[in-house]
Amino acid sequence: MRIVVLGAGVIGVASAYWLRRAGHEVRVIERREGAGLETSWGNGALIHVSSVQPWAAPGVPLKVLKWLGKEDAPMLLRPSAVPKMWRWGLGFLRAARPAQYRAGSLANLKLAIESAAAMAEIRAATHVQYDYAGNSVMKVFPDQPSLDVAIAEHLSLAPDGLQTEVLSRDECIAREPTLAPVAEKIAGGLGFPQDEVGDCNKFSQGLAAWLEGQGVRFHYNTTVEDVVLKGGRVAAVRVSGNAGDSEVPADAVVVALASQSVPLLRRLGISMPIYPVKGLSVTLPRSVWPDGPRMAVIDDSRKFVLTPLGDRYRIVGSAEVGDTSTTPSPTRISSVTRGVAELFPHLTNCESLPGAIAWAGLRPMVPDAQPRIGATRIPGLWTNTGHGHTGWTMAAGSGRRLAQMMSRNDFAGAA
Ligand SMILES: Cc1cc2nc3c(=O)[nH]c(=O)nc-3n(C[C@H](O)[C@H](O)[C@H](O)COP(=O)(O)OP(=O)(O)OC[C@H]3O[C@@H](n4cnc5c(N)ncnc54)[C@H](O)[C@@H]3O)c2cc1C
């Protein structure tokens with residue numbers, strides 16, 4: 001079967017991997033000059049099985065309203081965005097009810113655990129190098145009440161497979177000695193043996209290169225304009241750019257365009273509730289602090305993640321609704337790096353250190369945080385999109401689920 005995957009972010013590339021492994025003829029269309037150059041470029045680099053709970057949690061909608069329009073809030077909702085996203089907002093409110101939140105958390109945990117196993121298979125089969133580090137993620141808390149809430153939340157997921165280690169302050173410092181000078185700012189922490197670190201962009205590029213060796217054709221610098229239907233089912237993809245042909249024939253198409261899935265699907269009469277939620281990162285050469293952290297440290301109260309990534313550090317944070325540009329705003333960047341400096345004074349104003357790269361990306365968020373993996377009502381048209389804040393964590397498993405579904409359906413789609 002000829003399958004055309006739209007988008008060479010981590011989701012598109014992982015889909016291509018499993019579809020090729022299932023024996024299909026696969027092409028990937030990507031508007032950029034390579035794989036993993038948009039949202040998959042500068043993310044937090046965490047394969048975080050421990051943090052796949054939906055953002056729509058009980059109590060969060062109220063907090064978001066409290067932060068409305070506040071430039072330095074951890075989650076900033078710009079008032080100008082509200083009229084355009086009322087339907088998405090209603091979905092978010094619905095998803096934040098306790099039963100829905102719990103169901104969403106369990107469904108995502110299942111996919112994340114599957115995904116970690118799928119990732120291990122990809123590593124073993126391809127030897128792709130992406131600054132991988134296992135069991136290297138820790139969350140710290142400033143006080144006992146916030147630690148207790150997190151312990152209860154994480155332990156409630158233990159029967160469904162989440163492994164959590166409760167760490168005293170001393171145990172946190174034993175794992176990450178650079179925290180010793182700020183010991184009084186930490187009450188304790190959680191360790192996550194299933195979590196991993198790795199560079200999503202390097203993985204996407206490395207896997208794409210490996211797949212080219214397996215006969216998958218990547219058409220870079222090529223923009224998807226439309227999906228062509230014949231007799232009501234998928235027949236081709238209309239492209240502009242380097243692919244040569246203006247139509248790429250297809251028996252099936254996988255839409256993996258993150259936030260850009262929305263306009264394409266809308267043209268086909270399919271509504272996809274993805275809203276782009278902007279996030280930021282700063283990548284630093286390790287030389288700015290050669291003896292710095294070895295563990296990824298997450299601090300939810302100070303709203304940052306600091307990830308050692310090969311010979312670099314990556315600092316990530318911020319969620320902003322209503323700005324769909326990928327230009328990092330200095331105010332938002334400093335609201336993240338201020339938090340980092342409280343725990344790691346070596347990194348004060350780190351965005352100005354030599355070699356620092358500030359970046360912004362758009363998380364493709366669906367209100368209930370359940371990625372849309374599967375058939376559409378158009379025969380031959382499939383989606384693997386809407387992975388929000390957990391696309392790197394879910395990529396390998398989502399690609400495998402999709403390939404299994406497509407193979408079972410013999411590409412007919414859900415007519
Ligand atoms: C600040 C930040 C931190 C994050 N941290 C983490 C983390 O630690 N762990 C985690 O699991 N997730 C994290 N995420 C989420 C994760 O990065 C995303 O969910 C994931 O990258 C989405 O992958 P994707 O392939 O769907 O999207 P993308 O990587 O954006 O890929 C979509 C591709 O489609 C292409 N495209 C779009 N339109 C067209 C068109 N018309 N024609 C051709 N090509 C087109 C784009 O160029 C792009 O390459 C983070 C996100 C952000 C922003």
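**Close-up 1. The side chains of K139 and D300 pair up in a polar contact of 2.8 Å.** For a polar contact, two N or O atoms must sit within 3.5 Å; within protein, one has to be able to donate a hydrogen and the other to accept it, and residues adjacent in sequence count only if both atoms are side-chain atoms. This is a predicted model, where local features need pLDDT of at least 70 and side-chain atom pairs count only at pLDDT 80 or more, while totals for chains, interfaces and linings use all residues. Residues are numbered from 1 along each chain as its sequence is written, and side-chain values use heavy atoms, with hydrogens and water left out. K139 belongs to strand β6 (residues 137-141); strands (E, at least two residues) and helices (H or I, at least four) are DSSP runs, numbered from the N terminus. K139 counts as buried because its relative accessibility is 7%; buried means under 20% relative accessible area, exposed over 50% and partly exposed in between (1.4 Å probe, protein chains only). Leaving out residues up to four places away in sequence, K139 touches S51, H154, G188, G189, L190, F192, I298 and D300, with contact meaning heavy atoms within 4.5 Å.

**Close-up 2. The ligand has 35 residues around it, and E30, T39, S40, L46 and T393 come nearest.** Here, a residue is near if one of its heavy atoms lies within 4 Å of the molecule. Taken alone, the ligand exposes 1000 Å², and the protein buries 97% of that (Shrake-Rupley method, 1.4 Å probe).

**Close-up 3. Helix α3 (residues 86-95) has W88, G91, F92 and A95 as its buried residues.** They sit on the same side of α3, because they cover an arc of only 100° around the axis; the arc is that of the directions from the helix axis to the C-beta atoms. Exposed W86 and R87 are on the face turned away from that buried side. The buried residues of α3 pack against α2 (60-66), α4 (98-126), β15 and β19.

**Close-up 4. H346 sits in the loop between α9 (330-343) and β19.** With 53% relative accessibility, H346 counts as exposed. Its side chain makes a polar contact with the side chain of W289 (3.5 Å). The C-alpha atoms of H346 and V288 are separated by 8.6 Å, with the two residues 58 apart along the chain.
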